[in-house]
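Student: I'd like to learn how to read a model like this one. Can we go through it feature by feature?

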Amino acid sequence: MNFPTQFDVIVIGGGHAGTEAALAAARMGAQTLLLTHNIETVGVMSCNPAIGGIGKSHLVKEIDALGGAMARATDRAGIQFRVLNSRKGPAVRATRAQADRQLYRAAIREIVENQPNLFVFQQAADDLIIEQDRVCGVVTQTGIRIHSKTVVLTAGTFLGGRIHVGMDNYQGGRMGDAPANKLAERLRALPFKVGRLKTGTPARIDARTVDFSVMEEQAGDTPLPVMSYLGSVEEHPRQVSCYITHTTEATHDIIRSNLDKSPMYAGVIDGIGPRYCPSIEDKVVRFADKSSHQIFVEPEGLTSYELYPNGISTSLPFDVQVQFIRTMKGFENAHMTRPGYAIEYDFFDPQDLSHWMETRYVQNLFFAGQINGTTGYEEAGAQGLLAGLNAALRARDAEPWYPLRDQAYVGVLMDDLITMGTKEPYRMFTSRAEYRLLLREDNADQRLTEKGRELGLVEDERWAAFARKQDAIQAETARIATSWVRPNTPHGEKVATLLQQPLRHEYSLRDLLKRPEISYANLIELSDTHPELPAEVTEQVEIAVKYEGYIKRQQEEIDALRKHENTALPTDLDYSVISGLSNEVRQKLQQVRPSTLAQAGRISGVTPAAVSLLLVHLKKQS
Ligand code: FAD
């Protein structure tokens, strides 16, 4: 096929947001172009080669439930898998995988190259073609003009990127890559509000110079978890261990005595860094009473000797990095393969976006990923998918779609960004979601796959697997509701032992499963025959029964809020007397004086929790 000069969707940037955006648009049938600096860097992980973790795995599974690539690539590239919070409730359980960065990149590239309707083109986008406040194409670095109905921008840390190592700094999009300065200038000339953020990465270390015998070994989990709903452990490459070491008093002394050489502390960097992923300089200053911090020593891949020391990202000069790293147990003779560095870059105020990720000032232009003030591959990928699918919808003049806070973490992410903006790199946590028990990592498919199918994002193989799983869950839920255990029978005696009290009357297996003493595994011993079911099916049956009451209560809260959306707010309402509202929310409500609860909820900074407080107040008054 000839290279078309008119596309439905052009995606600028082949990072985590860009690949999910381009794949989503193409899956929906849009003629899509992925325009990126360098095809070799499609799917590159700029920092730690790890996917998932608390709050983040929820996003990965949502991307997967909508047919995206991140989880599938992780299953093919993951060299250590763990389920975090496995002893806590299902709402906060999270899968994390350490990936081989080469395998991950290869997996993403293979998925991109095999996607129908998707073209890849290696060029920098230097300019946007904008006519009457509507984007209609892109101009590349060599002056090629490519037209399209919509454009998704996912330029990551590249816009006006500046790299810092000690007091030296120079322009760069990330180490080894040029920045996107022309495009940054062009965007600065448009009405967008532009700010600066920063992030950092640690030095890398040669594993052959490390003494692992003095570190704590951390093996992956058994049974081996998978990331994708379509994944299998057979896809995983060889599994390896990570290790744990610690910073020492000596590490902290060296860092403290060199703070004047840190660009952050010397005032050379203005951008604000990620609070939850601070540099080692930040940790030493902010937690001055701590004499040690835990450092995870993580392999970068199966065919590489490089290690990623997770927890010591820094922008101190290279000689200081060498000194402080060698004060840690096992690193006494460490050879550094790359210095750590910080990068400052442009981001756009996400309050200028719609929930479907279109910019307020330029129609048909969508922004996704790090440029919206977030940090992390997962946050970027989820936004990319949402922007890509909405660009495809817009290209065919269809209504936009986005999930609400009670449907998906990506809904929480976008709603947080749009209503509150961000002053520091935003990362996802389970604590950001009000309806955690509904938004679990194990049920993202039940929340989203049907919608994904309707939108054209979910292909036949995934849809068939999803339908099989749903049927099995339903059949098993029905079976346990109609299978009975009676007193004075062998099964009844087993139950009495588990409950430590005699059985007084008959119970269904479903009733028994509600009891904390009884797990789904016990039910197998309590039936003469039972179907052989995969763990992901029995897990859903068990969670739905055990948490039925809590899930129902959360659903009722959501329904009540929805029902009251059109409730009128009196024009003379005195917001200062409503207890629980923050001063900031009070001020905004006083200023705007919304006429309904729904309108109040759309004011930037007015959270769903604040809307609930308004509702409670109105009810008290009536
Ligand atoms: P990126 O992955 O940066 O991809 C952007 C892509 O766009 C690149 O392929 C680039 O070549 C392309 N591009 C840019 N401009 C143009 C243009 N004009 N024309 C064509 N192509 C273009 N995340 C964490 O969660 N924790 C961390 O500790 C962390 N540390 C980091 C440290 C460093 C030094 C860096 C650079 C990033 C770090 N990150 C960290 C962030 C993580 O890498 C990003 O969140 C994630 O990669 C963002 O994905 P993205 O798709 O938005 O952008």
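Student: Is G14 buried or exposed?

Tutor: Keep in mind that this is a predicted model. The general idea is to count C-beta neighbours: 20 or more within 10 Å makes a residue buried. G14 has 28 other C-beta atoms within 10 Å, so it is buried.

Student: Where does G14 lie, and which residues does G14 touch?

Tutor: Look at the loop between β1 and α1; G14 lies there. Leaving out residues up to four places away in sequence, G14 touches T19, L34, T36, T41 and V42.

Student: And how many C-beta neighbours does G13 have inside 10 Å?

Tutor: G13 has 32, which is why it counts as buried too. G13 also sits in the loop between β1 (6-12) and α1 (16-27). With residues up to four places away set aside, its contacts are G18, T36, T154, A155 and G156.

Student: What does UniProt list for this stretch?

Tutor: The UniProt entry, which is unreviewed, gives G13, G14, G15, H16, A17 and G18 under "binding site". Treat that with some care, as such annotations may be inferred rather than shown by experiment.

Student: Next topic: cores. How many residues does the largest nonpolar core have?

Tutor: The idea is to link buried nonpolar residues through C-beta atoms within 7 Å. Here the largest such core has 108 residues, and V9, I10, A21, A25, V152, L389 and A392 have the most contacts inside it.

Student: Which helix gives the largest share of this core?

Tutor: That's helix α9 (residues 377-395), with eleven residues. You can see the link from A25: skipping neighbours within four places in sequence, A25 is in contact with V9, A30, T32, G388, L389, A391 and A392. There is also a second, separate core of 21 residues, which includes A203, Y308, M328 and M336.

Student: Now the sheet. In what order do the six strands come?

Tutor: For a sheet, trace which strands pair with which. The six strands here run β14-β15-β16-β17-β13-β18, paired antiparallel in an open sheet.

Student: Why is one side of β14 and of β18 left without a neighbour in the sheet?

Tutor: Because β14 (216-218) and β18 (336-338) stand at the edges and each has a single partner strand. On average, neighbouring strands of this sheet are turned by 35° against each other, direction ignored.

Student: What pairs with β18?

Tutor: Strand β13 (residues 204-206) does, in the antiparallel sense and over two bridges. To see a bridge at residue level, take R204: its partner in β18 is R338.

Conventions: Residues are numbered from 1 along each chain as its sequence is written. This is a predicted model: local features need pLDDT of at least 70, side-chain atom pairs count only at pLDDT 80 or more; totals for chains, interfaces and linings use all residues. A residue is buried if 20 or more other C-beta atoms lie within 10 Å of its own, exposed if 12 or fewer, and partly exposed in between; C-beta atoms are placed from the backbone. Helices (H or I, at least four residues) and strands (E, at least two) are DSSP runs, numbered from the N terminus. Two residues are in contact if their C-beta atoms, placed from the backbone, lie within 7 Å. Two strands pair if DSSP finds at least two bridges between them. Axes are lines fitted to C-alpha atoms, for helices over the stretch in contact, and angles run from 0 to 180 degrees between N-to-C directions.
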